[in-house]
Amino acid sequence: MRLRRTSVIAAIAAAVAATTAAVYPSAPADRLQPMPALTAPALAARYTADAHQIARAASAASRAGNTGLAQSLDAMRGGQFLDFNAAGQGLAVEVFGNLATATRVAILVPGSDTSLATFDSRGTASPEGAGRALTAQARGLDPHARLAVIAWLGYLTPSTLSPAVMTSGDAGQGADALRPFVEDLVRHGHQVALICHSYGSVACGLAAPHLPVTDIAVAGSPGMDASSVRALHTTARVWAGRSTSDWIRHVPHVHFLGLGFGQDPMAAAFGARIFACGGSGHSGYFKPGSIALRNLAQIALGNPAGVTR
């Protein structure tokens, strides 16, 4: 009896600790910079300024002996960064395509374990690699589309091995940063789609209510902190896809004492439009040649008829 009571107390303590992480999430990152005018000269000036910041951060990391981070930052040189901050885990917002002339924008929102050190170090499982792959796929489908893709690391993501990854605390901070970013793009006349991977789909779910986007697509989602599409309070088309070999299918879909993210977006009761993903695993949704990437590109282009259901 004593052993059983001890186990119950331990379970309650773990739940309380995780709930506390939801109430007191990671220290907030510095705010993103205000959106510049979306003209070629203004964007070029921002890209140049952030390139200098990246070069300085890479040099500092190298001097500190942090070779992994230095290599990742070196790989980011030459990109079009709308935002960059090297403090802590870091923030980075990279643009693929011509944002000044684009009419549609697809924003990639990454999940856990994403930081400056992994922004460009895991192939298409990284924001940078995913952004390049989605851009190339969309161009292959429609070479004349005026689409820009943005790899958006605008929040501090939790570690997969931390209690915070089972709570919405960090995702809430991500949602708070994502909303004004989207609204700025829409004010400039862009149609916006959100492409959200893993824990990033929690941030997208929290940001969704009344957000002026055309599409929200989640891939490998543990949940959107909502019971249904209707509970998201959005007029956007809501899409959900999951690889047949994705381990995320085993995550319990609960919402109790601050733990979990509610209904499975793949469930019929949730009401999302299901898109095919094949068997590429949790990190393979942006793998070139995959059905998942093709479908995500069709969603980014605003072409629902082209999505394989």
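This report covers the fold, cores, helices, strands and selected residues of a predicted model.

## Basis

The model is predicted: local features need pLDDT of at least 70 and side-chain atom pairs count only at pLDDT 80 or more, while totals for chains, interfaces and linings use all residues. Residues are numbered from 1 along each chain as its sequence is written, and side-chain values use heavy atoms, with hydrogens and water left out.

## Overall layout

The protein chain holds seven helices and eight strands. Helices (H or I, at least four residues) and strands (E, at least two) are DSSP runs, numbered from the N terminus. Of the 309 residues, 50% count as buried. Buried means under 20% relative accessible area, exposed over 50%, and partly exposed in between, with a 1.4 Å probe and protein chains only.

The accessible surface comes to about 13,500 Å². Carbon and sulfur atoms account for 57% of that surface. Areas come from the Shrake-Rupley method with a 1.4 Å probe; for residues, only the protein chains shown count as cover. Among contacts between residues at least 6 apart in sequence, 68% join residues at least 24 apart. Contact means heavy atoms within 4.5 Å.

## Nonpolar cores

A nonpolar core is a set of buried Ala, Val, Leu, Ile, Met, Phe, Trp, Tyr and Cys residues joined through side-chain atoms within 4.5 Å. The largest one has 49 residues. Leu99, Ile107, Trp152, Leu185 and Leu194 touch the most other members. Helix 5 (residues 169-187) supplies the largest share of this core, seven residues. Apart from it lies another core, of 39 residues, including Ile54, Ala106, Leu153 and Leu293. In soluble globular proteins, nonpolar side chains tend to be buried together.

Which residues does tryptophan 152 contact, neighbours within four places in sequence aside? They are Leu32, Ala92, Val93, Ile107, Leu108, Val109, Pro110, Gly174, Ala177, Leu178 and Phe181.

Helix 5 has 19 residues. From first C-alpha to last it reaches 28 Å, close to the 27 Å expected at 1.5 Å a residue. The expected span is 1.5 Å times one less than the number of residues. Buried residues of helix 5 include Gly174, Ala177, Leu178, Phe181 and Leu185. Asp170 and Asp184 of this helix are buried too. Just after helix 5, glycine 189 takes a positive phi of about 95 degrees.

Helix 2 has 24 residues and reaches 35 Å, close to the expected 34 Å. Its buried residues are Leu43, Arg46, Tyr47, Asp50, Ile54, Ala57, Ala58 and Ala61. Their cover includes helix 3 (67-76), strand 1 (80-85) and strand 2 (91-96). Just after helix 2, glycine 65 takes a positive phi of about 80 degrees.

## Strand 7 and its partners

Strand 7 is largely enclosed by the rest of the structure, because four of its five residues are buried. Five bridges join strand 6 to strand 7, and the two run parallel. Two strands pair if DSSP finds at least two bridges between them. Alanine 219 has glycine 241, in strand 7, as its bridge partner.

Strand 7 also runs parallel to strand 8 (residues 273-274), joined by two bridges. Here alanine 240 stands opposite isoleucine 274.

## Residues to inspect

Leucine 134 is found in helix 4 (residues 127-141). Is leucine 134 buried or exposed? It counts as buried, at 0% relative accessibility. Neighbours within four places in sequence aside, leucine 134 contacts Ala106, Leu108, Val149, Ile195, Leu293, Leu296, Ala297 and Ala300. Leucine 134 and alanine 106 are 28 residues apart in sequence and 9.2 Å apart in space, C-alpha to C-alpha.

Proline 34 sits in the loop between helix 1 (2-23) and helix 2 (40-63). At 65% relative accessibility, proline 34 is exposed. Its C-alpha is 9.0 Å from that of aspartate 184, 150 residues apart along the chain.

Serine 198 lies in the loop between strand 5 (191-197) and helix 6 (200-207). It is buried, with a relative accessible area of 7%. Aspartate 225 lies in the loop between strand 6 (215-219) and strand 7 (237-241). Aspartate 225 is partly exposed, at 24%.
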